[in-house]
Amino acid sequence: MSDAPATHQMDVPLVQVENVTVRRNRQDVIKDINLKIYPGEFVGVVGPNGAGKSTLVQAILGLLKYQSGNILVAGKPPMSKEVFGKIGWVSQAASHLPKNVRLTVREMVSLGLFNNTNWFGLGRSNTARIGEALRMVGIEHLESRDVNQLSGGERQRAVIARALVSGADFLVLDEPLVGMDRASRTSLLKLLDDFCHDQNKTIFMISHDIAAMRQTAHRMIYLEETIRFDGPPPNFPSLEELALLRGIEDVHGGHHYDHAAEHCGGGDHSKPVIGDSLKEAE
Ligand SMILES: Nc1ncnc2c1ncn2[C@@H]1O[C@H](COP(=O)(O)OP(=O)(O)OP(=O)(O)O)[C@@H](O)[C@H]1O
Ligand SMILES: [Mg+2]
């Protein structure tokens with residue numbers, strides 16, 4: 001099922017999702033999800049709009065109930081005391097801040113410390129931690145700036161810094177590249193990759209940018225209601241294959257998904273199965 005590298009086979013997974021189904025509005029939006037994420041992995045999740053990517057993340061974070069199956073984070077149910085504060089979440093809406101809130105970058109980043117059970121005001125070590133997080137994401141020169149006066153990419157970095165000050169080992173990012181220019185995207189991806197390699201942080205990142213994920217993630221997941229591909233980026237369908245699939249989609253008048261389900265509804269995830277609306281996933 002998972003093509004996780006052999007070196008991980010003996011490790012204890014950080015996240016374990018077993019046969020999970022989540023229902024929203026009386027409809028199953030994700031079904032039979034099976035997934036193990038190992039410490040130090042950089043997992044990129046792609047899939048079209050409405051495919052259930054954010055739903056999966058919210059279930060892993062314990063923000064959304066699942067109808068069946070089981071989820072464990074560090075061996076414990078999500079939202080349990082032991083897990084709380086160990087996950088840094090950068091939500092899809094994280095960078096949309098209310099315009100009437102006046103907050104400097106430093107103040108916003110310091111909010112990440114509220115996750116920390118040892119928070120008793122900004123002691124010296126916390127101040128240093130904020131400085132370190134700002135430096136890590138490369139926005140220390142913006143610390144006194146109002147967050148409403150940041151570019152999309154700068155704001156995204158501030159949100160990531162906020163997740164970092166919590167000391168989280170597991171970073172979950174939902175579309176962090178949106179609104180960033182190419183240079184900012186590249187440097188953010190490099191930064192996240194460094195977190196994995198230098199600090200053994202684990203990254204679970206949703207993005208519509210397949211090309212960026214192919215270049216950066218160590219493992220890619222294609223999710224559309226269920227996991228249809230899970231494996232190393234070189235095995236992910238090429239852009240040519242995707243373009244071809246988009247051509248086929250026109251021929252089938254948008255019913256491509258049914259074919260995919262028919263042909264590939266079994267468990268062989270090493271064979272990619274791509275449904276319709278991939279243009280949105282590009
Ligand atoms: N709060 C909600 N209440 C009910 N249904 C929801 C809610 N949020 C999302 N859904 C539905 O659940 C399904 C999966 O949505 P989800 O947000 O997980 O998709 P996604 O893959 O993250 O999409 P996108 O790429 O657009 O962010 C969709 O059909 C969506 O309409
Ligand atoms: Mg989403």
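Residues are numbered from 1 along each chain as written, with chains lettered from A and ligands numbered from 1 in the order written. As the model is predicted, local features need pLDDT of at least 70 and side-chain atom pairs pLDDT 80 or more, while totals for chains, interfaces and linings use all residues.

Student: Which helix gives the largest share of the shell around ligand 1?

Tutor: A residue counts as near the ligand if its C-beta atom, placed from the backbone, lies within 6 Å of it. The residues around ligand 1 include Gly-52, Lys-53, Ser-54 and Thr-55. Helices are DSSP runs of H or I with at least four residues, and strands are E runs of at least two, numbered from the N terminus. The largest share, three residues, comes from helix α1 (residues 53-61).

Student: What is the strand order in the open sheet of three strands?

Tutor: Strands pair if DSSP finds at least two bridges between them. Strand β1 (residues 15-24) is joined to β4 by five bridges, and Gln-16 has Leu-72 of β4 as its bridge partner. The edge strands, each pairing on one side only, are β2 (27-37) and β4 (68-73). With antiparallel pairing, the order is β2-β1-β4.

Student: How many of the nine residues of α1 are buried?

Tutor: Buried means that 20 or more other C-beta atoms, placed from the backbone, lie within 10 Å of the residue's own. Among the residues of α1 that qualify are Lys-53, Leu-56 and Ile-60. The helix is mostly covered, and its buried residues number seven.

Terms used. A residue is buried if 20 or more other C-beta atoms lie within 10 Å of its own, exposed if 12 or fewer, and partly exposed in between; C-beta atoms are placed from the backbone.
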